[in-house]
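I keep this notebook to record what I look up in a structure. The entries below follow the order in which I went through it.

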Amino acid sequence: MAGMKTASGDYIDSSWELRVFVGEEDPEAESVTLRVTGESHIGGVLLKIVEEINRKQDWSDHAIWWEQKRQWLLQTHWTLDKYGILADARLFFGPQHRPVILRLPNRRALRLHASFSNPRTVILSLPQLFSGIRHPEELSLLRKKKKKEKEPEEEVYDLTQVVLAGGVAPVLFRGMPAHFSDSAQTEACYHMLSRPQPPPDPLLLQHLPRPSSLVDKTQLHSRWLDSSRCLMQQGVKAGDMLWLRFKYYSFFDLDPKTDPVRLTQLYEQARWDLLLEEIDCTEEEMMVFAALQVPGGPGRLGVAGVRASIPLTPLLPQDSLTAIPELKDHLRIFRDGSPAGELTLKGYRQYWVLFKETTLSYYKSQDEAPGDPIQQLNLKGCEVVPDVNVSGQKFCIKLLVPSPEGMSELYLRCQDEQQYARWMAGCRLASKGRTMADSSYASEVQAILAFLSLQRTGGGGSGNHPQGPDASAEGLNPYGLVAPRFQRKFKAKQLTPRILEAHQNVAQLSLTEAQLRFIQAWQSLPDFGISYFMVRFKGSRKDEILGIANNRLIRIDLAVGDVVKTWRFSNMRQWNVNWDIRQVAIEFDEHINVAFSCVSASCRIVHEYIGGYIFLSTRERARGEELDEDLFLQLTGGHEAF
Amino acid sequence: MGESSDDIDQMFSTLLGEMDLLTQSLGVDTLPPPDPKPPRAEFNYSVGFKDLNESLNALEDQDLDALMADLVADISEAEQRTIQAQKESSQNQHHSASTEASNFSGAASLGYGANVTATSVSQYVDDLPPPPADPVLDLPLPPPPPPPEPLSQVTGGATSRASLTGSKLSFPWSGLQLVVKVHMDDNSTKSLMVDERQLARDVLDNLFEKTHCDCNVDWCLYEIYPELQIERFFEDHENVVEVLSDWTRDTENKVLFLEKEEKYAVFKNPQNFYLNNKGKKEGKETNEKMNAKNKESLLEESFCGTSVIVPELEGALYLKEDGKKSWKRRYFLLRASGIYYVPKGKTKTSRDLACFIQFENVNIYYGIQCKMKYKAPTDYCFVLKHPQIQKESQYIKYLCCDDARTLNQWVMGIRIAKYGKTLYDNYQRAMARAGLASRWTSLGTVNAVTPAQPCTGLKTGATQPNGQIPQAVHAASAVLEEAQRQAETAKEKRPAPGNHREPAAPRAHPAPRASLPPPPPVRRSSDTGGSPAPPDDFLPPPPPPPLGDAELPPPPPPELADSPPDFVPPPPPPPVLAGDPGSALPPPPPPPPSLRPECAGPSPTVAKRPPMPPKRHDNPGLPAGGGSGEQDFMSDLMKALQKKRGNMS
């Protein structure tokens, strides 16, 4: 082979010296020098390098990276000539898999080995790794933001040691994939992946950057990595942090049973989108989102926080099980209009109140009870609004009772939590046409008490300022559940009742149901799933915003934010990218042509977005888990891909 | 027999309910819950009486006693006959089938009726599987019935109409039941038993059976509040009894059965709701064409994802100010979570929006003639209120749109936001139902269509039975025509409304009614919209009765009671009957003969029937209003009896 010499030491073949650095692009790294010829095969070169290094090690993952061409030399049967490598090539002999830190949608970091040589394996290996992110094609990687401020040190879950069994679907062990059950750390990691995180610290929330305009929202989308090129080619270094996010807002076949990790991560991404105001919502919607995050409800009550032994007996008739349970007690009642003072009892009068089946009757006194009540209200179909201030010891139930003539308002004021919880639960059931005999009554009472106890420890009371991490660890801080602009708008004690009100409708949901509901509500927002880019339309003199959603392109006025025009993918004939002038041209039915150049992001990203959505829309037809990766690359890849 | 006595008990109490209805002829009456646990072993009349006494205070004692006596006697007789009938029936199945429609004149004529029904029912049971649609398939296509016949019968004064195949009343059920008087679009009424488990879909199916209409997806139950001048569709998944229980005792509210294209407009032309690009507004009906495939994918996209997409809808609407007759123009936006408006001086970004209303506790209604009643800027109003509110109240929200298209978009948008995917599921069920119906329709179509044509021509333009929302209807109809439906069906449907009215006329004839308390005049809110044309006038004079008026039983069937007195003018609608079925209803050839015989009532023996074409399904068209309710009921009853017998033997 290469390197034949004469006795005088001159080389007599056409061999030349090739210098190869060992390691990951470190110029200081040790290097080996080989004699090669143009006919040398890459495989042979690799062998020589290893011999030269002469160290016992598993080299199987190593390959040669050609720095100038930003290319891996992976075809071992190719010759140096075929690759066009000459003596001046800077080659690095390094591992193809290197550790990176992946920041998940839930903002937790995970260290793992990622392939730096294969463009898609990072994403496509996720299902196996996490065992439960189906449809990884919806995910993609983002470059880390340029560092402006230092973010707090995060705990990094380490998955680099995990050994995956090849090929087969991961085996479940103790409710999690077997490879997670190896150690306590990996187990914790799985829980992190599959369970929602506690509400963030409100202070942190305030300090995190939030987009203040459409233009800000375009920033995120300039950072997507190219899915047809490997990490190495895109300048990612070992140990870098990459963000993993759901890129395409087209979630196929979302099934809580089969992929808890996917659902949880999607929920987390939705939550952070809302908390960081990446997507706008109204006040009412925010309260629902907040309520759905509350760790309450029978399914969501953790071990802590609930006093299991709530005495329920007094409210159930002891004599017989068949009797219809009823509540009777002295309560203060206020009718018509709202009570004047927040905490005063002004306007309230005490009555003897009887609550049976779905009907509430009240009497002047207990003695008159057998007679005609002062008023009798059937609570079926009524609105029940909690009006509670735990620290102020105010436990009111506001009832809006419909009648043929309209609605009548009634405030019931209870003395303490226990009484409140029982009556409240009764009212809620009655409003749905159910009685206290309903099996859900007890759990309803529990849920109410649990929620109250969260408030007691949380920000329900004095705090007008978001509390620090210490306080929020204990109970519920409502500021951790809403976007910062609501922190400014409401005091905590105003916010809590609002969340409480919304919470009553979702208190019975299990954890996954709540997550799913959250995702659905997020998807129902008008601005959901739109990725923004700043572009310049052909023939226009100003920059505009292009929104890309899963079914359409939207032209948006940059200054006002109004939608100017919408084109649907279903009407799209073809699209072309002119890589030289960085222009995307799209043709729709009826000879509508649109062309624009991309300003805020490379036109590759726009191109990949469009192609990606088109690809995802083909999934419906070819039901199946198998993905047509080639088609994906064809649709999303640039000219390099071919 | 021990077993069957249960059924009989049940039926008996139901019968009593019918009587109650007749007597009171109120729109909706709550029946006393039929004895919840009828004695198992015995045929216990006392149960019936007890219920009756408790519940029917309104009934006069004398009448009651008399009726009861009849009933008791008749029922046992009926039982006997049923058995016989069963035997007979096996021999001449087809014929009898056609005649099954028995005219139940009500309690008085019950004895006669019972006989008739018994026979007819038995046949059904034999021939026909419970699903009403199926039976038709079995039957050979009937030759178009001789038009003259029907006429003759009508003239005779018999008002009965073909009754339908088994209804869905489930006898074992002992919970709350209502007798609901449903106003048909021909101004007739039908009384139905609705139990508290039944959804609007079930009731519609029931009505399909009773009317033999074409079963297309536009048929809906429709509630109108004359006092508030509002109205809306029942959604198919709504529990009918629950809705009706919100009505007050003395309510004027009504339930209608009619076709509304708005009901599922979004599924027929989703592009009109989802692709409502700006700039198209000014065009009147920019009825964008879209091919079926695109529609389907648009629907799938909107309704089959993880969450339903609510159409983007925003614009200036007028809002009626609380308690005043003034209207304020505001900019409203529809979101999945509710309706929002832009407060003064704010932008329409999400964070500035103020919530106007959320949908959880309100239903959406069309407002009728708000221009006149509330000085609304236009008549295109929709109303949001809690279903229990029945009187004017500040809690009722009135909104007013600039035009019909906008109105329809808002109403549909709100329904999508409120009901979500359920709406789509309802539609698919309705489509499935319609598909079933159209299958056998097409069989009969050939015959039917031709005869029908003339009738349709006459009626169509002039009278719009669904007058409720004239404006809306017109707009919608223009828009919605093409698409989904097959051309033929569409054709047939349209004319239908016009035709339907006519049948009403026949009822009026029977003078005997007088004795019965006059039923409340059937009037629709529609009156507001269009001129309620007297249907009778159009009708050609009834052809001479070929078969034999002689046969007709002298006693006019009590059912007539239902027929609104208004129509009393001597209606020679018979021709209509013949024509109607064909034109209006998919199953074209009206088997008028079958009807007739029943009218004859008592005498209708098997022998007579054979001549008639076995077309009972055709009749559906003839919504002869009044009587049908009772008949169905009786036939159900008999059918059940029959079954029991069958099992036992």
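I looked for charges over rings and found B:Arg232 over the face of B:Phe234, 5.7 Å from the ring centre. A charge sits over a ring if NZ of Lys or CZ of Arg is within 6 Å of the ring centre and within 35 degrees of the ring normal.

I wrote down the ground rules: this is a predicted model, where local features need pLDDT of at least 70, side-chain atom pairs count only at pLDDT 80 or more, and totals for chains, interfaces and linings use all residues. Residues are numbered from 1 along each chain as its sequence is written, chains are lettered from A and ligands numbered from 1 in the order in which they are written, and side-chain values use heavy atoms, without hydrogens and water.

Rings of Phe, Tyr and Trp (its six-membered ring) pair if their centres lie within 6.5 Å; planes under 30 degrees apart are stacked, over 60 edge-to-face, and the rest tilted. I picked B:Tyr225 and B:Tyr365, whose centres are 5.5 Å apart and whose planes stand at 85°, so this pair is edge-to-face. B:Tyr225 is in strand E4 (residues 219-225) of chain B and B:Tyr365 in strand E11 (residues 363-367) of chain B, 140 residues apart. Strands are DSSP runs of E with at least two residues, helices runs of H or I with at least four, both numbered from the N terminus.

Are these two tyrosines buried or exposed? B:Tyr225 counts as buried at 2% relative accessibility, and B:Tyr365 counts as buried at 0%. Buried means under 20% relative accessible area, exposed over 50%, and partly exposed in between (1.4 Å probe, protein chains only).

I then turned to strand E8 (residues 139-143) of chain A, where four of the five residues are buried, so the strand is largely enclosed by the rest of the structure. E8(A) pairs with strand E12 (residues 241-246) of chain A in the antiparallel sense over five bridges; pairing needs at least two DSSP bridges. A:Leu142 stands opposite A:Trp243 in E12(A).

Last, I checked where the chains meet. The contact (heavy atoms within 4.5 Å) takes 32 residues from chain B and 36 residues from chain A. I counted five salt bridges between chain B and chain A, each a side-chain nitrogen of Lys or Arg within 4 Å of a carboxyl oxygen of Asp or Glu. I noted a salt bridge between A:Arg552 and B:Glu312 (3.9 Å, N to O).
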